[in-house]
Amino acid sequence: MGSGEPTAKEMRLVIGASSLGTIFEWYDFFIWGTLTTTGILGRTFFPADNPVLGDLLAWATFAVGFGFRPLGAVLFGFLGDRLGRKYTFLITITVMGLATAGIGLVPGYAVAGVAAPVLILLLRIAQGLALGGEYGGAAIYVAEHSPGRRAGFHTSFIQASVVGGFILSLTVVLLFRMALSDVWDAWGWRAPFVFSVVLLAVSLWMRLKLSESPVFKSMKEAGETAKNPFVESFTYPGNWKRLFVALFGIAAGLTVIWYTAMFSVLSFLQQQMHVDATAAQLITGGSALGGLVFFILFGALSDRIGRKKPIVWGYVATLVLLFPMFWIIGSEANPALSAASARAPVVVSGPECAYDPFASKQKDECGRVLEYFAKKGVAYTKAEASAIDVTVGGTAVRDTRAAGLDAALAAAGYDLKPITPPAKSIAIIMAAILVLMALSGATYGPVAALLSEMFPPRIRYSSMSIPYHIGTGYFGGFLPFISQSIVVKTGDPYSGLWYTFAVVAVALVVTVWGLKETVAPASVAR
C-alpha cells in the first residue's frame, strides 16, 4: 500500500480485512450469548438442579467477558498507541480465537465439577481482554485510511461488522445443529466454539496483508507517539469531558439499544413467548441481516449532516418506540399464550411474597410458587395478603404444588409448548425488530468516525477504547443479566426494558449537553 492517499482498491482491502476480522472476533464473543438463550450452557457448566439459576449464571458469565473489556482497552490501547494499530489487532484476534476454541473443549460441570465454571470464567476473561483491543484498533485503522469526507461511510462497515458477528453466530449454530442434530445436546453444541480456529486462520491471512496506518507511521517518523497513552488520555487538555461524553453519552446509550434489539429480543422470544429456538434464531438473524443497511445508511448520512444529529434522533425515537415494538413482538410471537395471559392473569398473593432467583431453595411457599412461574416463563403479578393465595383468571388454585399449578394453567388455556408463529405474525415480528435495528443503526452507525474524530491521534487508540469499552462492557454487557433478573423477579416479561429506557434517557441528556456537532473534517488525521 502506497504512502499517499489509498486507492479505491486499497481502501476496499482496508475495509474488507478489518471488517471481516471484526465479524469473526464478535462471532467468537457472541457465540456464548447465542447458545445461552437456548439454555444449554447453563445446564452444562453450572449446577443443573435450578435451570433459572443456571441461565442467570450463564448470562453473568457472558457479562464477565464484557466486564474485562475496559482492561483490554487499557492494555491494547497502550500497545496500539505505542507500537501500532496493525500488530495490536493481530494479537487481539489471536487471543480471541484461541480462547473461543478453548471454551468448546472444557468439560461440563457433571465431569469437572467447580473446575468447569472456573475454566469458562478464565476463558471469557481472555475474550473480554481481546475484544477490548479489537474494536478500537479496527475502527481507528479504517478511519485513519479514510480520505476526505467519507469516514462515516467507511467506518460504518466496522459498526455493521458487530451485527455481522451476531448473524454469523446464529448461522453457524443453526447449521451445526442441523448437521449434528442427533448429538447436539451431548456434544454437538461445542462445534461452533471449535470452529473459531478456522475463522482465526482466515482472519490472520487477510490482516497480514495490511500495512500500518499512515497516521501512525507519520507520527512514529516524526517522533510524536505518546510515551504513556493511558496517562495522557487523562491529562490531555479537555480530554476529561470528551471521555465523559464518550462513556455516558455515546457508548452506554448505543450499546443498550443494540443488545436490546438482538439478545433481549432473542431471549424474549424463546423464554417468555415460548417460540421454538430455531424459529426464534431465524427470525432474529434474518431481521439483523436486513437491518445491516441502517448502519451503513446512518454512517454515510453522518458525513453529510454531522455525527450528533442521527444519534440524538435515535435516542429520542428509542424512548418513544421501545415498549410499543416489544408489545407488538409479544402479541404476535405467541397469540394463544398472549390471549391466555390477558384472559386469565396469574396473581400470587402472600405476606412479603418474594422470589430469589439465586437461592438454591426458596424460603417459603410463596417463593416456591413464584419460582414455578418463573421457570415456566409465565407472567404473573404479586399482591400483599395475610396468607398465600394463587388465582388464575380469578379462579383460586387450592393445590399450589407443581402438579396443581400445571392443571390450573392447562384449564385456563395456557399452552407452554414451543411454537412457530404463523407467516403473517413472523412478518410483523420482523418488521418490529427492523424498527429496533434502525434505532441501533442511527445511534451506532456514525460512532466509529465520531470517536476517532473526538480524540487526538497520539492518544486516539487509548482515549477511544477506554470509554467505549467501559460503556459497552458494563452498561451493555450486563444488560441481558440485569433485564432477565428483573423479569424473573417481577413476573412481567416487559419489565426488563426499563433498564434500557433509563440508560438511553441519561445518554440523551449527556449527548445533547456535551457532544459538539461536527460535520466530518477533511481528514480524521488532523
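The following legends describe close-up views of a predicted model. Local features require pLDDT of at least 70 and side-chain atom pairs pLDDT 80 or more, whereas totals for chains, interfaces and linings use all residues. Residues are numbered from 1 along each chain, and side-chain values use heavy atoms, with hydrogens and water left out.

View A. Arg-307 pairs with Asp-303, the closest N and O atoms being 2.9 Å apart, and with Glu-453 at 2.5 Å (salt bridge: a side-chain nitrogen of Lys or Arg within 4 Å of a carboxyl oxygen of Asp or Glu). Because Arg-307 lies in the loop between helix 14 (277-305) and helix 15 (308-333) and Glu-453 in helix 20 (residues 447-454), their pair ties together parts 146 residues apart in sequence. Helices are DSSP runs of H or I, at least four residues, numbered from the N terminus. Arg-307 is buried at 0% relative accessibility, while Glu-453 is partly exposed at 21% (buried: under 20% relative accessible area; exposed: over 50%; partly exposed: in between; 1.4 Å probe, protein chains only).

**View B. The salt bridge between Arg-401 and Asp-399.** The closest N and O atoms of this pair are 3.0 Å apart. Arg-401 is exposed, with a relative accessible area of 61%, and Asp-399 is partly exposed, with 27%.

**View C. Nonpolar surface patch including Val-118.** Val-114, Val-118, Leu-119 and Leu-122 together have about 350 Å² of accessible area (Shrake-Rupley method, 1.4 Å probe, only the protein chains shown counting as cover). Patch residues have over 30% relative accessible area and no salt bridge; like charges are joined within 9 Å, nonpolar side chains (Val, Leu, Ile, Met, Phe, Trp, Tyr) within 5 Å. Val-118 belongs to helix 7 (residues 115-145).

Notes. Helices (H or I, at least four residues) and strands (E, at least two) are DSSP runs, numbered from the N terminus.
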